[in-house]
Amino acid sequence: LAGPGNITLGSVTGPAQNLFVNMDTTGTAVATVQGPATLNTLTIQDSKGVTFQNTLAAQTVDIQNTTGLVEFQGATTINSLVTAAQGYGVAFTGAGNSIATDTSFLNTGAVTLGNGAADSIAFPAGLDTTAGPSGTNLAGTVATTNTQMDLGGTTMLDHATLKSGSGALNVASITDGAGSFALSLQDATPASTGPVAFGGPVTVNTVTTFGQPYSVAFLGGGTIDTDTSFLSTGAVTLGNGAVDSLTFTGGLDTTTGPSGTNLAGTVATTNAQMDLGGTTMLGNATAKSGSGALNVASITDGAGSFALSLQDATPASTGPVTFLGPATVNALTTFARPYSVSFQSSGTVDADTSFLNTGTVAFGNDVLDALTFTGGLDTTTGPSGTNLIGTVATTNTQMDLGGTTMLGNATAKS
């Protein structure tokens with residue numbers, strides 16, 4: 001196809017057919033193929049845009065020095081897709097799309113992978129939109145087959161599923177923009193073992209995971225609007241640096257599936273319950289839930305030496321905080337708000353600890369529990385009362401307990 005004006009073509013069939021598009025890019029000429037197309041090679045050399053409105057099957061599609069948008073609207077099956085570092089966009093919409101070979105988009109316009117929830121496209125050998133595109137638009141299902149998927153900054157146009165089987169699934173960032181869309185990660189099949197990582201902010205309505213052994217990592221903050229229960233059985237990482245900030249507005253639960261929860265920065269709900277499974281701190285962290293209950297199965301700073309803040313100084317901070325298992329951290333910070341803090345097992349806090357929260361503080365719920373505040377302990381400033389059972393100790397440092405109620409046999413030693 002060549003010429004300075006718009007061109008419309010019916011169907012193009014025949015396995016030995018080659019189609020070469022070379023139009024006058026100084027004007028506004030676009031090419032449209034209305035009917036089904038079966039080709040050996042499609043080469044787009046110059047145009048202001050090319051649209052395939054029906055099905056396309058081709059061995060090779062080579063999009064070279066062109067502008068505008070190259071759009072595939074029907075079920076498209078391509079063996080090899082070649083793009084160039086030029087300022088055009090590429091869009092695949094509709095269901096049943098497939099590009100067989102490992103595909104890295106180099107064009108610097110946007111890449112659109114679906115525009116409706118029923119759309120689907122498969123890149124069996126792998127997918128990468130990080131090298132060139134100004135953005136990645138996403139809707140429907142985008143999948144690889146046990147191969148790596150790397151998405152650049154992504155905007156959801158509708159509900160979407162990303163799945164890569166055993167391959168790693170990496171997303172630079174993702175947002176549902178002005179919409180309110182659900183994002184599913186991997187699926188419920190045994191093949192779903194590939195780790196999922198978000199390098200930048202995640203701002204979506206809903207995140208759905210499945211009971212398969214893959215990990216999920218949020219490394220750049222964000223906001224998930226709805227109540228989120230992680231079912232994936234690999235680790236869940238909520239931040240990897242002290243400046244990261246994640247909000248699960250409707251609530252958060254990592255107790256059902258994950259083998260562990262990694263924590264750094266701020267993890268918050270908005271007056272909704274937060275339930276964390278066994279947690280390892282990767283940096284200084286804040287956990288806050290407003291008026292919602294905040295429950296932690298256990299927490300440790302591992303080989304590190306990190307500070308944990310509970311709730312914050314805002315009036316919303318009224319939700320009770322409970323450590324169901326051991327709590328082993330360097331420093332513990334509370335705020336002068338009417339919430340309680342309860343340690344129902346053993347643990348060690350290294351630094352001198354003064355509780356400022358004005359609800360009760362409870363140490364232990366069994367005579368075998370043992371808590372050590374190595375650098376010192378003070379419950380006289382804030383708490384309305386101190387409940388005690390088991391052993392509470394400091395290490396050659398002062399202990400000051402406010403009004404105390406024993407819940408069982410207890411030892412206090414300093």
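Visitor: Let's start with a sheet. What is the strand order in the open sheet of three strands?
Guide: The order is E38-E41-E43, and the pairing is parallel. Strands (E, at least two residues) and helices (H or I, at least four) are DSSP runs, numbered from the N terminus. Two strands pair if DSSP finds at least two bridges between them.
Visitor: Which are the edge strands?
Guide: They are E38 (353–354) and E43 (399–400), and each pairs on one side only. E41 (residues 377–378) is joined to E43 by two bridges. In one of them, aspartate 378 has aspartate 400 in E43 as its partner.
Visitor: Before we go on, where does this model come from?
Guide: This is a predicted model: local features need pLDDT of at least 70, side-chain atom pairs count only at pLDDT 80 or more, and totals for chains, interfaces and linings use all residues. Residues are numbered from 1 along each chain as its sequence is written, and side-chain values use heavy atoms, with hydrogens and water left out.
Visitor: What is the mean pLDDT of the chain?
Guide: The mean is 94, and 94% of the residues reach 70 or more. pLDDT is the predictor's confidence in each residue, from 0 to 100.
Visitor: Where is the pLDDT below 50?
Guide: Over residues 1–5. In the model that stretch has 17 contacts beyond near neighbours in sequence. Contact means heavy atoms within 4.5 Å. Where pLDDT is low, the predicted coordinates should not be read in detail.
Visitor: Which strand do seven bridges join to E42?
Guide: That is E44 (residues 404–413), and the two run parallel. Asparagine 387 faces threonine 405 in E44. Asparagine 387 is also the bridge partner of alanine 362. E39 (residues 361–363) is joined to E42 by three bridges, again parallel.
Visitor: What about E40 and E42, parallel or antiparallel?
Guide: Parallel, over three bridges, with E40 covering residues 370–373. Threonine 372 sits opposite alanine 393 in E42.
Visitor: New topic. How many residues are in the largest nonpolar core?
Guide: It has 86 residues. Those with the most contacts inside it are Leu42, Phe92, Phe198, Leu238, Phe323 and Phe363. A nonpolar core is a set of buried Ala, Val, Leu, Ile, Met, Phe, Trp, Tyr and Cys residues joined through side-chain atoms within 4.5 Å. In soluble globular proteins, nonpolar side chains tend to be buried together.
Visitor: What does leucine 42 touch?
Guide: Beyond neighbours within four places in sequence, its contacts include Leu19, Val21, Phe52 and Phe72.
Visitor: How many aromatic pairs are there?
Guide: The count is 14. In phenylalanine 52 and phenylalanine 72, the ring centres are 5.6 Å apart with 10° between the planes, a stacked pair. Rings of Phe, Tyr and Trp (its six-membered ring) pair if their centres lie within 6.5 Å; planes under 30 degrees apart count as stacked, over 60 as edge-to-face and the rest as tilted.
Visitor: Where do those two phenylalanines lie?
Guide: Phenylalanine 52 is in strand E6 (residues 49–52) and phenylalanine 72 in strand E8 (residues 68–72), 20 residues apart. Phenylalanine 52 and phenylalanine 72 are buried.
Visitor: Why are phenylalanine 323 and phenylalanine 343 called stacked?
Guide: Because their ring centres are 5.2 Å apart and their planes are at 15°. Both are buried.
Visitor: Last one. How many salt bridges turn up?
Guide: Two in the whole structure. A salt bridge is a side-chain nitrogen of Lys or Arg within 4 Å of a carboxyl oxygen of Asp or Glu. Lysine 163 pairs with aspartate 187, with the closest N and O atoms 3.4 Å apart. Lysine 288 pairs with aspartate 312 at 3.1 Å.
Visitor: Is aspartate 312 buried or exposed?
Guide: Buried, because its relative accessible area is 16%. Lysine 288 is partly exposed, at 24%.

Key:
Buried means under 20% relative accessible area, exposed over 50%, partly exposed in between (1.4 Å probe, protein chains only).
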